[in-house]
Amino acid sequence: MRVNDIIEMAVRVENDGELFYTEAARVAEDPKVRKTFEQLAAQEKAHAASFRKLLEDQDEEWDEIDAYLSTYASANIIPDLNLIVPELKRMTVSEVIDLAIGIEKDSIILYYELLDTLADERAKSVVRNIISQEKEHVSTLHNLRKGL
C-alpha cells in the first residue's frame with residue numbers, strides 16, 4: 001500500500017465521520033448534543049477536503065510504507081455505518097459519544113502513522129493540523145458527556 005492509498009483511505013474515514021456525526025445529530029434529542037454533532041460533521045468534511053488537496057498537489061510518487069501502517073490502514077476505522085446508523089436511535093447519548101471518541105482516537109493513531117511516512121513539510125503541516133483538530137474533537141466529546 002502506498003501513502004497516497006492511505007491518504008485516500010483517510011478521505012473515506014473523514015467522509016464516514018461526517019456521515020456518522022450527521023446521523024447522530026439527526027437522532028439527537030438534546031439541542032446542545034445535536035449542535036455539537038453538526039459542528040463535528042462540518043469539521044470532518046473540512047478534513048476530507050484537506051486530504052483531497054494533498055492528493056491533488058502531489059507532484060511525485062509517495063514512498064512505500066511499512067507493513068504496520070498497511071495493516072492498520074486496511075482496518076476499518078469507522079465501524080460499518082450500515083450497521084451503526086440504524087442502532088443510533090437505540091443507543092444512549094453516552095454510548096454514541098463513547099463510540100465517537102473511539103473512532104476519533106483510532107483516526108488520530110492512523111494520522112500519526114501517516115505523518116511519520118510523509119517527507120513533504122507542507123503535507124506534514126496539514127496532517128498535524130488535522131491531528132490537532134481530531135484531539136479537539138475528543139476533548140469536545142468528553143466535555144459533552146460530562147455535561148449530560
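## Basis of the model

Residues are numbered from 1 along each chain as its sequence is written, and side-chain values use heavy atoms, without hydrogens and water. In this predicted model, local features need pLDDT of at least 70 and side-chain atom pairs count only at pLDDT 80 or more, while totals for chains, interfaces and linings use all residues.

## Nonpolar core

The largest nonpolar core has 39 residues. Such a core is a set of buried Ala, Val, Leu, Ile, Met, Phe, Trp, Tyr and Cys residues joined through side-chain atoms within 4.5 Å; buried means under 20% relative accessible area with a 1.4 Å probe, protein chains only. Helix 1 gives the largest share, 10 residues. Helices here are DSSP runs (H or I, at least four residues), numbered from the N terminus.

Among the residues with the most contacts inside this core are Phe 20, Tyr 21, Phe 37 and Tyr 111. Tyr 111 has contacts (heavy atoms within 4.5 Å) with residues including Phe 51, Val 127 and Glu 134, not counting residues up to four places away in sequence.

## Aromatic cluster

Phe 20, Tyr 21 and Phe 37 form one aromatic cluster. Rings of Phe, Tyr and Trp (its six-membered ring) pair if their centres lie within 6.5 Å, and planes over 60 degrees apart count as edge-to-face. Phe 20 and Tyr 21 form an edge-to-face pair, 5.4 Å centre to centre with 70 degrees between the planes. Phe 20 is buried, with a relative accessible area of 2%, and Tyr 21 is buried at 2% relative accessibility.

Methods. Buried means under 20% relative accessible area, exposed over 50%, partly exposed in between (1.4 Å probe, protein chains only). Helices (H or I, at least four residues) and strands (E, at least two) are DSSP runs, numbered from the N terminus. Rings of Phe, Tyr and Trp (its six-membered ring) pair if their centres lie within 6.5 Å; planes under 30 degrees apart count as stacked, over 60 as edge-to-face and the rest as tilted.
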